[in-house]
Amino acid sequence: MKEFFSIDGKVYAVLNVMLELLELNLLFMLGCLPVLTIGTSVASLYEVVFQIRAEGTVRVFDRFRRAYRENLRRGTALWAIVAGAFGAMLLLRTG
């Protein structure tokens, strides 16, 4: 039973991953508050999730911040395209 709750045990590993994903989702929601940066937040979220899967435990805040800075221009442009297409579909449907 002592091994079950140790730092090297399965319970600790699962709880650690859950904590990292919770932190990542909170950062994602904060990044989405300015509506123009939803694309950037989505790209950063995916990047950090893949890093967690590849490397295991990572420093989520630092990785998300770095990915957010790197994806800012590209993610905002992609989100503008998606939002424009969605707006065009709404106009065509109601018009």
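Q: What does helix α3 span between its end C-alpha atoms?
A: Helix α3 covers residues 60-94 in this predicted model. Helices here are DSSP runs (H or I, at least four residues), numbered from the N terminus. A straight helix of 35 residues would span 51 Å at 1.5 Å a residue, the expected span being 1.5 Å times one less than the number of residues. Between its end C-alpha atoms, α3 spans only 43 Å.

Q: Where is the kink in α3 centred?
A: The bend at a residue is the angle between axes fitted to the seven residues ending there and the seven starting there. In α3 the kink is about 60° and is centred on L72.

Q: At what angle do α1 and α3 pack?
A: Axes are lines fitted to C-alpha atoms, for helices over the stretch in contact, and angles run from 0 to 180 degrees between N-to-C directions. The axes of α1 and α3 lie 10 Å apart, and the angle is about 35°.

Q: Which residues of α3 does α1 meet?
A: Contact means heavy atoms within 4.5 Å. From α1 come E20, E23, L24, L27, F28 and G31. Their partners in α3 are V60, F61, F64 and Y68.

Q: Is T40 buried or exposed?
A: T40 sits in helix α2 and touches Y68, N71, L72, G75 and T76, not counting residues up to four places away in sequence. Buried means under 20% relative accessible area, exposed over 50%, partly exposed in between (1.4 Å probe, protein chains only). The relative accessible area of T40 is 0%, so T40 is buried.

Notes:
Residues numbered from 1 in each chain as written. Predicted model: local features only at pLDDT ≥ 70, side-chain atom pairs only at ≥ 80, totals over all residues. Heavy atoms only, no water. Helix = DSSP H or I, 4+ residues; strand = E, 2+ residues; numbered from the N terminus.
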